[in-house]
Each structure stands twice: as C-alpha cells, then as structure tokens.
Amino acid sequence: MSTRKTHPIFKILNNSVVDLPTPVNISVWWNFGSLLGLCLMTQILTGLFLAMHYCNDTSLAFNSVVHISRDVNEGWMLRAIHANGASMFFITLYLHIGRGMYYSSYLYMETWNVGVLLLFMVMGAAFMGYVLPWGQMSFWGATVINRKTHPIFKILNNSVVDLPTPVNISVWWNFGSLLGLCLMTQILTGLFLAMHYCNDTSLAFNSVVHISRDVNEGWMLRAIHANGASMFFITLYLHIGRGMYYSSYLYMETWNVGVLLLFMVMGAAFMGYVLPWGQMSFWGATVITPL
C-alpha cells in the first residue's frame with residue numbers, strides 16, 4: 001500500500017483531497033471554490049507582509065513601494081504575487097459564479113444567498129484596495145463615487161479616507177476599530193439569537209436546535225456569533241499587545257479606560273458562559289466558585 005494511504009499525516013490529506021468520495025457528476029468546474037480559498041489565503045499572507053513595510057503617506061508611499069521591491073528580502077516576489085494574485089482571484093471568482101449559474105446552483109437559495117453576500121463583501125474589499133494606496137488608480141477609483149462631493153460620502157471621506165493621521169501610524173492601529181466592528185456584530189447577532197433562545201433547562205438545547213434548523217438564516221447567525229466571539233478576543237489581545245509594545249501605557253488616562261473596558265469585557269464574557277444551560281456553563285462557573 002502506498003505511503004499516502006498509510007502515513008498518519010499524508011493519510012489525512014489523501015482522504016481529504018485525493019480519495020475523497022464525490023458524486024460521479026462532479027467535474028473539474030467544482031474546484032473553483034477551493035481555489036478561491038487558496039487565492040484568498042495567499043492574498044492575506046502576502047498583504048500582511050507587504051503592509052509591514054508600506055507607508056500610506058503621500059510623500060512616502062511610492063518610496064516605500066520601491067523599498068519593498070529593492071531592499072526587503074523577497075519583497076519583489078511578494079509584491080508580484082499579491083498583484084497578480086488579485087487578478088487570479090477575480091478570474092477564479094467569475095468562473096465560480098458562471099459555473100453556479102450554468103448548473104442552476106441558484107436553486108439552493110440558502111447557499112446562493114451566502115455566496116451573493118460574500119460577493120458584495122469581496123467587491124467592497126476590492127474597492128478599498130483601490131482607494132487605500134496613493135496612486136493614479138486610487139484617484140480615479142475614488143473619483144468614480146465622488147467621495148469629496150456627495151453629501152453622504154463626504155462625511156465618510158472626512159472620517160476615514162482623508163482623516164489626518166501621523167505618518168508613523170501603521171496597520172497595527174486598526175485593531176481598535178476592528179474591535180468596534182466585532183462588538184457591533186456580536187450585539188446584533190446576539191439580539192436576533194436571543195429572540196429565539198430559551199434559557200429554561202428543559203428547552204435550552206431544543207431552542208438552539210430550533211435556531212439552527214427552523215429560523216431563517218439561524219445557522220448563519222449562530223456561526224457568526226460563535227466565531228465572532230473568538231475573533232473579538234484575538235483582536236483584543238493583538239490590540240493590547242500593540243499597546244504594550246508601543247508603550248501606550250504612558251498615556252495613563254487612555255490606558256486606564258482601556259483596562260476598565262477589559263475588565264468589563266471579561267465580566268461580559270463570563271456571563272456568556274454561565275447564563276446558558278450547558279456543560280461549558282457548569283465548568284465556567286466551577287472555575288471561579290469551586291464547589
């Protein structure tokens with residue numbers, strides 16, 4: 001028997017990729033979903049490394065790109081992969097959508113609606129990729145929506161795009177606003193889930209099953225709320241770590257407010273454990289109030 005079927009690690013890959021049971025009518029056109037995931041991970045990783053060296057100040061932007069290409073180890077390759085990877089991502093995306101339309105995948109409304117939502121999110125992210133860097137493409141991309149003249153876009157423009165910031169502000173300063181986004185997501189999904197959840201011992205688990213099976217998009221709300229909590233704390237710890245690394249604790253008033261907010265978040269998270277009925281609630285309460 002071959003190594004890929006006996007080796008403990010290769011066996012997992014083999015059963016997930018090579019020998020994965022699939023219907024006989026699945027063709028090569030069904031590969032574009034996983035290819036999109038591969039392209040997305042490539043873009044995220046190369047984008048993170050590029051963001052460590054890129055400066056979005058008008059006087060330094062082009063110099064930082066030259067610095068990436070000439071001075072950073074393998075910087076030219078990272079830039080080329082990121083630039084061409086964006087094109088490959090959209091080519092794969094349009095082929096994926098075309099396959100779905102050709103094979104009537106839109107009949108599966110739930111899956112199709114999630115795909116449409118992801119498409120809009122990708123379009124938004126792609127547009128931000130145009131307007132964030134300084135350059136000719138950024139200028140015309142922003143001009144398309146008249147961000148400086150439209151009454152609504154002008155407010156957003158003055159608050160986000162043209163907001164005056166020091167040149168030493170890097171990507172690490174984004175975690176505060178990301179925490180706000182995570183918090184709003186948790187509040188909204190939590191409110192919708194609370195409309196259908198029952199905290200009685202005999203009904204709690206049944207209500208969770210009801211949310212996942214019977215409530216419109218309930219499974220998605222539950223998944224967003226559960227994973228959003230993890231994303232919130234990952235972002236929170238990165239935010240704290242950035243503050244400690246850059247000596248933000250020297251600004252005592254701001255730092256003390258942050259510590260107070262941290263304790264409030266810890267309290268809210270603990271209540272998130274002990275309020276629902278379940279094994280996690282029991283052990284969460286046992287840790288703090290030992291029997």
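Ser64 counts as buried because its relative accessibility is 7%, where buried means under 20% relative accessible area, exposed over 50% and partly exposed in between, computed with a 1.4 Å probe and protein chains only. Ser64 lies in helix α4; helices (H or I, at least four residues) and strands (E, at least two) are DSSP runs, numbered from the N terminus. Leaving aside neighbours within four places in sequence, Ser64 is in contact with His53, Tyr54 and Cys55, contact being heavy atoms within 4.5 Å.

The model is predicted: local features need pLDDT of at least 70 and side-chain atom pairs count only at pLDDT 80 or more, whereas totals for chains, interfaces and linings use all residues. Residues are numbered from 1 along each chain as its sequence is written, and side-chain values use heavy atoms, with hydrogens and water left out.

**Overall composition**

The chain has 13 helices and zero strands. Of its 291 residues, 18% are buried. Among contacts between residues at least 6 apart in sequence, 53% join residues at least 24 apart. The chain exposes about 21,400 Å², of which carbon and sulfur atoms supply 71%; accessible areas come from the Shrake-Rupley method with a 1.4 Å probe, and for residues only the protein chains shown count as cover.

**Helix α3**

Helix α3 has 20 residues and reaches 28 Å from its first C-alpha to its last, close to the 28 Å expected at 1.5 Å a residue. The expected span is 1.5 Å times one less than the number of residues. Phe32, Leu36, Cys39, Gln43, Thr46 and Leu50 are the buried residues of α3. They cover an arc of only 105° around the axis, and therefore lie on the same side of α3; the arc is that of the directions from the helix axis to the C-beta atoms. These buried residues pack against α4 (61-70) and α5 (75-102). On the other side of α3, Ser34 and Leu38 are exposed.

**Helix α10**

In helix α10 (residues 204-213), the buried residues are Ala204, Ser207 and Ile211. Because they cover an arc of only 60° around the axis, they are on the same side of α10. They pack against α9 (175-194) and α11 (218-245). The face turned away from the buried side of α10 carries the exposed residues Phe205, Asn206 and Arg213.

Thr235 is found in helix α11. Leaving aside neighbours within four places in sequence, Thr235 is in contact with Phe175, Leu178, Leu179 and Cys182. Thr235 and Cys182 are 53 residues apart along the chain, and their C-alpha atoms are separated by 8.7 Å.

Trp29 is found in the loop between α2 (8-18) and α3 (32-51). Together with Ile26, Val28, Trp30, Met88, Ile91, Leu95, Tyr102 and Tyr103, Trp29 forms a nonpolar surface patch with about 900 Å² of accessible area in total. Patches are made of residues with over 30% relative accessible area and no salt bridge, like charges being joined within 9 Å and nonpolar side chains (Val, Leu, Ile, Met, Phe, Trp, Tyr) within 5 Å. A salt bridge is a side-chain nitrogen of Lys or Arg within 4 Å of a carboxyl oxygen of Asp or Glu.

The relative accessibilities of the individual residues are listed below.

| Residue | Relative accessibility | Class |
|---|---|---|
| Ser64 | 7% | buried |
| Thr235 | 6% | buried |
| Trp29 | 40% | partly exposed |
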